[in-house]
Amino acid sequence: SPIPPTMSTTPVTFRAPFSLPPTQRLAVVGASPSLGSWRPTTHTLLHPLPSASPPACALTLHLEAEAAAELLNKDFKFVVFDINRPNTVRWSSGPNRVLRSATYEVPPGDDPANPAALDPWIPSPGAWDPKDFKTEEFAEAAAATESAAAKTPKLRIAARAAGLGASQRLAVMGGAPVLGDWTLSMDCVLQPHGAPADGVHRLELAGGDDVMSAAFKFILLDAACPSRCAWEEGENHTVSAAQDVLMD
């Protein structure tokens, strides 16, 4: 765990955009004991900065001089934790990042929390502590995020698929960031809704101009064969309005 600041410690800071839902947080993990030695831990969560514009989050580690020097030129990555998904994590895809100085700031236009830049949720063997989520700064930022989310149009997709097996799930993939940009995102998996006999599955996503007129298809996932998926045949569907889309 990070040690408290003293006159003899050296601050090392990570700063990134804050674009996650209220229940989720970015963290850093890397090739150093101070960053978990590649074992994700909620002790290195970035804390939202309520006064930052655009929204941002940061983590400052107060380390002994030797530990701070040991971090320099070491590889690291961002990961995402969700307080509602204990002991699971999403890794940022792409190459490792490198800490070149005592402050690392994500370059403009780069968002490590973008769903399109994240791998699927997987079990995490690292340290998990829900108390790491509960800070005053996070509560203020989460409230602001929830307020903004309430004003965002919603795209609700529903489909009837009564013949799904116990290990099968329905998902969508399409030509907009919220639909994965034609890359599978576990955020686009539909959830069972209502009576099982009805076979209705629903998904709610953020709407907005970038999803209007986007093409998409349904795909079938099977936990028994996680490396493969089955695509819906026929023409693509098209989002015509940021409202309910019901498909049979």
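This is a predicted model: local features need pLDDT of at least 70, side-chain atom pairs count only at pLDDT 80 or more; totals for chains, interfaces and linings use all residues.

Reply: Residues are numbered from 1 along each chain as its sequence is written, and side-chain values use heavy atoms, with hydrogens and water left out.

Me: What makes Arg15 and Glu105 a salt bridge?

Reply: The term asks for a side-chain nitrogen of Lys or Arg within 4 Å of a carboxyl oxygen of Asp or Glu. Arg15 and Glu105 come in at 3.6 Å, N to O, so the pair passes. Arg15 sits in strand S1 (residues 9-17) and Glu105 in strand S8 (residues 103-105), so the bridge ties together parts 90 residues apart in sequence. Strands here are DSSP runs of E, at least two residues, and helices are runs of H or I, at least four, both numbered from the N terminus.

Me: How many salt bridges does that rule give?

Reply: Five. Another one is Arg156 with Glu204, at 2.9 Å, N to O. Arg156 belongs to strand S10 (residues 154-160) and Glu204 to strand S13 (residues 200-206), so this pair links parts 48 residues apart in sequence.

Me: Asp129 and Lys131 also meet in a salt bridge. Why is Asp129 called buried, and why is Lys131 called exposed?

Reply: Buried means under 20% relative accessible area, exposed means over 50%, and partly exposed is in between (1.4 Å probe, protein chains only). Asp129 has 18%, so it counts as buried. Lys131 has 60%, so it counts as exposed. Their N to O distance is 3.2 Å.

Me: Why is Asp187 called partly exposed?

Reply: Its relative accessible area is 31%, so Asp187 falls in the in-between class. You'll find Asp187 in the loop between strand S11 (168-174) and strand S12 (191-192).

Me: Which residues does Asp187 touch, not counting those up to four places away in sequence?

Reply: Arg90, Pro115, Trp121, Leu203 and Leu205, where contact means heavy atoms within 4.5 Å. Trp121 is 66 residues from Asp187 in sequence, while their C-alpha atoms are 9.6 Å apart in space.

Me: And the overall picture?

Reply: The protein has two helices and 17 strands. Of its 248 residues, 40% count as buried. Among contacts with a separation of 6 or more, 70% come from residues 24 or more positions apart.
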